[in-house]
Amino acid sequence: MLAWFGLDDTASPGEADRLLADLAQDMAATGHRVAGAIQINRDLGADCACDMDLIVLGDETNPIRISQSLGGGSSGCRLDTGALELAAARLQARMDGAALMILPKFGRQEAVGRGFRDVIGQAMLQGIPVLLHVPRQQRQAFQDFAQGMATRLQPADLVTWCHRQLTEAA
């Protein structure tokens, strides 16, 4: 019901987001209702950090910018936590009847009990399988959260796992 994957340190920036975006598109094409969100990073050039947008599946025309422009030389976190919470609320309103949920990641906000953490718990209570990326830095926090209920997948196995979940739900 809860599955995750990680990438090694040699993966290119944004690789997990691209994998999940492609996967969400493939799963939506099966005719099953897939809930979730995908992150799109928009490159602004070598001198600028990318803009980060979350797209709630089923509400693709209203992306939510989750990054803040802090200006040159800044070293603080660019995540707009309020925007992330808005995305979580928007997703929560769209999850009823979903056969599968795909989330961008279990990140720092989820590790401290915010972001998509409650959405993950609600999905599991409703019997909706959840798939997400867990960055290396958050793996211990994720393991503490999952309490042994999560399955680690290799990136090559994501499609197979999702199809199995959709077949079992049908």
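Gln147 is exposed, with a relative accessible area of 65% (exposed means over 50%, buried under 20%, and partly exposed in between, with a 1.4 Å probe and protein chains only). Gln147 lies in the loop between α5 (139-146) and β7 (150-153). Its phi is near 50 degrees, a positive value in a residue other than glycine. The model is predicted, so local features need pLDDT of at least 70 and side-chain atom pairs count only at pLDDT 80 or more, while totals for chains, interfaces and linings use all residues. Residues are numbered from 1 along each chain as its sequence is written, and side-chain values use heavy atoms, with hydrogens and water left out.

The protein chain holds 6 helices and 7 strands. Helices (H or I, at least four residues) and strands (E, at least two) are DSSP runs, numbered from the N terminus. From the N terminus on, the elements follow the order β-α-β-β-β-α-β-α-α-β-α-β-α. The chain has 170 residues, and buried residues make up 42% of them.

The 7 strands form an open sheet of mixed pairing. Their order is β4-β3-β2-β5-β6-β1-β7. The edge strands are β4 (64-65) and β7, each of which pairs on one side only. Two strands count as paired if DSSP finds at least two bridges between them.

Strand β1 (residues 2-5) is covered on both faces. Leu2 and Trp4 are buried on one side, and Ala3 and Phe5 are buried on the other. β1 pairs in the parallel sense with strand β6 (residues 130-133), over 4 bridges. A parallel pairing over 4 bridges also links β1 to β7. Ala3 takes part in both pairings: it stands opposite Leu131 in β6, and its bridge partner in β7 is Thr151.

Strand β2 (residues 34-42) also has two partners. It runs parallel to strand β5 (residues 100-105), with 3 bridges between them. Here Val34 has Leu100 as its bridge partner. Strand β3 (residues 51-56) runs antiparallel to β2, and 6 bridges join the two. Ile38 is bridged to Ile55 in β3. Asn41 has Met52 as its bridge partner in β3.

Two helices were compared with their expected span, which is 1.5 Å times one less than the number of residues. Helix α2 (residues 81-92) has 12 residues and should span 16 Å; its end C-alpha atoms are 16 Å apart, which agrees. In α2, Ala83, Leu84, Ala87, Ala88 and Leu91 are buried. These residues cover an arc of only 145 degrees around the axis, which puts them on the same side of α2. The arc is that of the directions from the helix axis to the C-beta atoms.

The buried residues in α6 are Leu158, Trp161, Cys162, Gln165 and Leu166. They lie on the same side of α6, because their arc around the axis is only 130 degrees. The face turned away from this buried side carries the exposed residues Thr167 and Glu168.

Leu19 is placed in helix α1. Leu19 is partly exposed, with a relative accessible area of 25%. Leu19 and Ala156 are 137 residues apart in sequence. In space, their C-alpha atoms are 9.9 Å apart.

The largest pocket holds about 1,100 Å³ of space. On a 1 Å grid over the protein atoms alone, a pocket is an open set of points where a 1.4 Å probe fits, with protein on both sides within 12 Å along at least five of seven lines; lining residues have an atom within 4 Å of a point. Grid points are joined across faces, edges and corners, and the volume is the space filled by probe spheres set on the points. The lining consists of 37 residues. Asp17, Gln39, Met52, Lys105 and Pro135 lie nearest the centre of the pocket. At least two lining residues come from each of α1 (15-28), β2, β3, β5 and α3 (108-111). α1 gives the most, with 5 residues. By type, the lining divides into 17 nonpolar, 9 polar and 11 charged residues (Ala, Val, Leu, Ile, Met, Phe, Trp, Tyr, Cys and Pro count as nonpolar, Asp, Glu, Lys and Arg as charged, and the others, Gly among them, as polar).
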